[in-house]
Amino acid sequence: MTEPGRPPPRPRPGRPEIRIAPLREPVADERPRVVDAAVIVWLAALAALAIAAIWQAFNHVAVRAAISDSLAANHPATSRSDIDDTVTIIMVGNGAAALVILAVAVVGIIRVRDRISSGRTMLTVIGALAVAVGIQFWLVAEPARDAVGPVISVLPLVLSGGALIGTALLYAPAVGTWLKAAPPRR
């Protein structure tokens with residue numbers, strides 16, 4: 001009913017059709033090749049670390065003597081027992097750091113391959129440590145190069161470079177998209 005003198009109300013326009021579109025394109029479940037490349041680079045870096053640590057362990061007497069003699073020459077006022085204690089700390093610290101890097105990196109690699117994004121974070125953190133330890137290992141082992149050969153010169157740098165490159169590959173856009181689109185874990 002309308003009141004006299006008022007025009008009839010206008011009919012309401014029809015509702016527009018609403019479609020909900022996906023916010024982003026679906027991501028394939030297939031692992032990007034760059035993830036596999038990063039894993040291979042990381043495994044090569046870890047192999048270099050393991051070989052360098054084993055090589056140093058088998059030649060620990062010669063390495064220990066060379067580092068002790070170098071420190072004694074550079075610090076003549078320091079007692080020989082203090083130098084020997086310092087070398088012990090250096091060698092034990094390098095071994096412990098190598099074990100930590102190996103263990104955490106392997107877990108990080110497994111997590112990235114399982115499409116768990118925290119694996120990339122683990123590899124980033126341990127990668128920074130691996131670069132620092134590789135350079136430190138290279139610098140400290142410099143006096144032992146004559147005693148054990150050029151292996152000690154090259155492998156720590158392979159570790160540092162491999163950790164840096166392997167970690168950088170994990171930040172490719174395809175990897176980030178693939179990790180973010182992972183189905184929820186139960």
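Is Gln-56 buried or exposed? Here are some friendly notes on this predicted model, starting with that residue.

1. **Gln-56.** This glutamine is buried, because its relative accessible area is 7% and the cut-off for buried is under 20%. Gln-56 has its place in helix α1. If residues up to four places away in sequence are not counted, Gln-56 touches Val-63, Met-91, Phe-137 and Ile-152. Please keep Phe-137 in mind, as Phe-137 returns in the lining of the largest cavity.

2. **Ala-45.** Helix α1 also holds Ala-45. With a relative accessible area of 1%, Ala-45 is buried. Leaving aside neighbours within four places in sequence, its contacts are Val-158, Leu-159, Gly-162 and Ala-163. Helix α6 covers residues 151-169, so that is the stretch to display beside Ala-45 when you check these contacts.

3. **Gly-166.** Now to helix α6, residues 151-169, where Gly-166 is found. How accessible is Gly-166? Its relative accessibility is 0%, so Gly-166 counts as buried. Not counting residues up to four places away in sequence, Gly-166 touches Ala-38, Val-41 and Trp-42. Its C-alpha atom is separated by 16 Å from that of Val-133, a residue 33 places away along the chain.

4. **The cavity.** How many cavities of 30 Å³ or more does the structure hold? There is one, and the largest cavity contains about 40 Å³ of space. Its lining is made up of Ala-48, Leu-49, Ala-52, Val-133, Gly-134, Phe-137, Leu-155, Pro-156 and Leu-159. The elements that give two or more residues to this lining are α1 (33-58), α4 (118-140) and α6. By class, the lining has eight nonpolar residues, one polar residue and no charged residues. Two of the lining residues link back to the points above: Phe-137 is touched by Gln-56, and Leu-159 is in contact with Ala-45.

5. **Arg-115.** I would take a look at the backbone here. Most residues other than glycine have a negative phi. Arg-115 is not a glycine, yet its phi is positive, at about 70°. Where does Arg-115 lie? Arg-115 is in the loop between α3 (80-113) and α4. This arginine is buried, because its relative accessible area is 10% and buried means under 20%.

6. **Arg-120 and the aromatic rings.** Which ring lies under the charged end of Arg-120? It is the ring of Tyr-171, and the charged end sits over that ring at 4.5 Å from its centre. As for pairs between aromatic rings, the structure holds zero.

7. **Gly-14.** Gly-14 is exposed, because its relative accessible area is 68% and the cut-off for exposed is over 50%. How far apart are Gly-14 and Val-175? From C-alpha to C-alpha, the two residues are 45 Å apart in space, and they are 161 residues apart in sequence. For contrast, Gly-166 is a glycine that counts as buried, whereas Gly-14 is exposed.

Definitions and conventions: Residues are numbered from 1 along each chain as its sequence is written. This is a predicted model: local features need pLDDT of at least 70, side-chain atom pairs count only at pLDDT 80 or more; totals for chains, interfaces and linings use all residues. Side-chain values use heavy atoms; hydrogens and water are left out. Helices (H or I, at least four residues) and strands (E, at least two) are DSSP runs, numbered from the N terminus. Buried means under 20% relative accessible area, exposed over 50%, partly exposed in between (1.4 Å probe, protein chains only). Contact means heavy atoms within 4.5 Å. On a 1 Å grid over the protein atoms alone, a cavity is a set of points where a 1.4 Å probe fits but cannot get out, and a pocket is an open set with protein on both sides within 12 Å along at least five of seven lines; lining residues have an atom within 4 Å of a point. Grid points are joined across faces, edges and corners, and a volume is the space filled by probe spheres set on the points. Ala, Val, Leu, Ile, Met, Phe, Trp, Tyr, Cys and Pro count as nonpolar, Asp, Glu, Lys and Arg as charged, and the others, Gly among them, as polar. Rings of Phe, Tyr and Trp (its six-membered ring) pair if their centres lie within 6.5 Å; planes under 30 degrees apart count as stacked, over 60 as edge-to-face and the rest as tilted. A charge sits over a ring if NZ of Lys or CZ of Arg is within 6 Å of the ring centre and within 35 degrees of the ring normal.
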